[in-house]
Amino acid sequence: MSEESMAGRDAKVAFIGLGHMGGPMAANLVAAGYPVTGFDVVPAALAAAHTAGVVVASSASGAALGADVIITMLPAGKHVFAAFEGEGPGGGLLAAAKPGALFLECSTISVEDARTAHEMVVASGHRGLDAPVSGGVVGAEAGTLTFMVGGSEEDFAAAGPILEVMGRRIVLCGGPGSGQAAKVCNNMILGVSMIAVSEAFVLGEKLGLSHQALFDVAANASGQCWSLTTNCPVPGPVPTSPANRDYQPGFAGALMAKDLGLAVEALNATGVDAVLGRAAEEIYREFALGGGAGTDFSGIINTIRDATGGVD
């Protein structure tokens, strides 16, 4: 299929991984007119995708048969490799896909795993991009995700119309693995900034500041950041933040712990001296293990508050 026709609404899309992120992303593609066949190991995810108009396959390789574009949104690198290689008579995605298919690997995995996945795709006669996302479930549902993309300019151009259905900001960050590199850097900033914002609010509580007063100052001063103005960790100032719904995610603490683990892996590989990044990874790892795995990552404020001795 030519680059132009691959981008058209007649392009057949396979979507593997229809969970909290993948499900809404696939639904947006269906709503835009793309024929989408999907697979997930969770029956409830398959049922929700079917309701949204996704044609449900009985296996990942079955979903990939005849597809022009294969999108994967899976938990970790080992799941991506397993889906690519597959087992049994149907084989994996690489064997099932038509020659020259375009693979969009949207999972959040390590930079090394992303580069390995790209090599597997190319060696099998296909084209590939790593294209992790930022924006959480809200962004997936609204089609406003940010895509951080690694790969060739040609493949990036071919994928553009499909990515634009699911996202608002699509950035080519460089060659294979660069999308994951940008993602790991971005989420290290996010984790560190949320801890800083949360510590500041707990300090403000101890100093007698109201949440609204601190927000009104910091949101319009040098302390302004996404963790404050969009995902504010205290209820009230930002009505849409998870703090107003008992810290239901959003972006779960387990995912932040995972992403910061990938950041530390990259720090170790490169020898970067990043004190705050490593500290944030430890804090969120303990947060996830201590009961915060299923709550929004902004719930870290409660851990900080509890360690401080509560609110006066």
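The model is predicted: local features need pLDDT of at least 70, side-chain atom pairs count only at pLDDT 80 or more, and totals for chains, interfaces and linings use all residues. Residues are numbered from 1 along each chain as its sequence is written, and side-chain values use heavy atoms, leaving out hydrogens and water.

Along its principal axes, the C-alpha trace spans about 65 × 45 × 35 Å. Of the 312 residues, 50% count as buried (under 20% relative accessible area, with exposed over 50% and partly exposed in between; 1.4 Å probe, protein chains only).

The structure holds four aromatic pairs. Rings of Phe, Tyr and Trp (its six-membered ring) pair if their centres lie within 6.5 Å; planes under 30 degrees apart count as stacked, over 60 as edge-to-face and the rest as tilted. Two of the pairs are set out below.

| Pair | Centre to centre | Angle of planes | Type |
|---|---|---|---|
| F84 and F103 | 5.4 Å | 80° | edge-to-face |
| Y284 and F297 | 6.2 Å | 45° | tilted |

F84 lies in helix α5 (residues 77-85) and F103 in strand β5 (residues 102-105), so their pair ties together parts 19 residues apart in sequence. F84 is buried at 2% relative accessibility, and F103 is buried with a relative accessible area of 2%.

Y284 belongs to helix α14 (residues 275-292), while F297 sits in the loop between α14 and α15 (300-308). Both Y284 and F297 are buried. Together with F251 and F287, Y284 and F297 form one aromatic cluster.

Notes. Helix = DSSP H or I, 4+ residues; strand = E, 2+ residues; numbered from the N terminus.
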